[in-house]
Amino acid sequence: MPVPMSGTFRRRPVPLAVTALGAALSLTVLTGCGGGGGGGSADASGKVEGSITFQTWNLRAEYKDFFNDLIDRFEKKHPDAKVRWIDKPAEGYAETLSADAASEKLPDVVNVSPDLAYPLAKAGVLMNLSEDETAAKAEKKYMPEAWKGNEMPGLDGVFAYPWYLNTGPMFYNKRLFKEAGLNPEKPPENYAQLFSDGEKLAKKKVPALAATPTIEDFGRYGVPLMNKEGTKFTYNSPKGVEFMEKYKRLYDKGGLDSQVMSSSPEKAGQKFEQEKVAMNPGGALDLKNFKDNQPDLYKNIGITEAPNNNGHPNMSVMSLGVAQQSEHKAAAVAFAQFVTDQRNQEAFARKVAVFPSTKGSLDKPYWTKEGSSPEDRVRVSSAKLVKDAVNYTPAVMTDPMKTVLQKEVSKVFLGKKSPKKALDDAVAESDKLLKQL
């Protein structure tokens, strides 16, 4: 269960930058399963007993002791319940979910991100927590936006418990800002300021960024991404076209790296490290690397949030769903709530450098008092962002759909298509892919 990080972040040991594997999760084969099959217990109100399976996503190698202890404590609390832990590799995880669901063997408690949960929920193989009194009562324990992160477009209810969250700051080079005549203590807060500052940086032959805009950027700009029913993409609206026109203008003036169309998060990070671009998302490991290996850059690092027009940074959510066909729903729901309770979330977040989704956790000193280390600086800066963050990426937005958008955006920069034509084509192709889910 790679941890979802913000779209342009470089991968970290436990990447909270989830790859949107949902497209590969074709659950059309489930049409004969009757929405998850029969045999599952009706609700979660019974005794916590029975043997259940718990599946994580690429966590055993580094966190074996943590999860073994977690399971031991749960079983001591509920002696009639037993938990069998399964951990699957990141590669092929979507296909694993699809096969398990189709054969009615989806684990009782399963690690999902919203894009992976959506096809499962649509097919009826994930429990709708909102419809079960015992399952739904835990809602008040989580941050509201984290709970909403598992609402699925076009479906009524919440289909997984929020587990851990991530976001991340934007790093900027104060020296390059100052040399361009910008105030190094006032980085851009919204997109108007970003485009204005980007043009000033370009006059000094310094690109502002080395990455193309993603769906998150469209959301932060204020572009409506989908219709209310979740059946069509809408980022080709006039506001979306306006956004691309401004990005194209910035590119034409040299405000984006010349190789931005073929860039990757790793390459963008390298450009920033080499002080060839002025801004780039990052995390604690990047900052520690700058401190150890690029002291001149480190002393000029500014930490801010990515520009947005809505007052809300982007949030990534990782969650635990409960199988609709579970024969021991009371135990499955109890375990999912146990893993995601405040004590266990905070303990895991400290180990993995992510953020708990439980109410009140981010008000504690560990996430509010900044120390002297790079990890402290990023943790406290990011925790402030998470508290006001929302998940901009639609749950139905799969990797192929993101690739479609990226390719069409590149055609705009290359002058092969107008912003309107490119976004119209991206939406048309993505809508086709959406119908296949």
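The model is predicted.

Now the helix packing. Two packed helices are described by the angle between their axes and the distance between the axes. The table gives both values for two pairs.

| Helix pair | Angle | Axis distance |
|---|---|---|
| α1 (residues 60-77) and α13 (residues 329-339) | about 130° | 11 Å |
| α11 (residues 284-293) and α16 (residues 374-387) | roughly 145° | within 8 Å |

Take α1 and α13. Their angle is about 130°, which makes α1 oblique to α13. The crossing of α1 past α13 is right-handed. On the α1 side, the contact uses L70, I71, R73 and F74. On the α13 side, A331, A334, F335, F338 and V339 take part. What classes of residue make up the contact of α1 with α13? The residues divide into 8 nonpolar and 1 charged, with no polar ones.

Next, α11 and α16. Their axes cross at roughly 145°, and the crossing is right-handed. A284, L287, K288 and K291 belong to the α11 side of the contact. They meet P374, E375, R377 and V378 in α16. This contact has 4 nonpolar and 4 charged residues, and no polar ones.

Notes:
Residues numbered from 1 in each chain as written. Predicted model: local features only at pLDDT ≥ 70, side-chain atom pairs only at ≥ 80, totals over all residues. Heavy atoms only, no water. Axes fitted to C-alpha atoms, helices over the stretch in contact; angles between N-to-C directions. Helix = DSSP H or I, 4+ residues; strand = E, 2+ residues; numbered from the N terminus. Parallel < 35°, antiparallel > 145°, perpendicular 65-115°, else oblique. Left-handed = near helix turned anticlockwise from the far one by under 90°. Contact = heavy atoms within 4.5 Å. Nonpolar A, V, L, I, M, F, W, Y, C, P; charged D, E, K, R; others polar.
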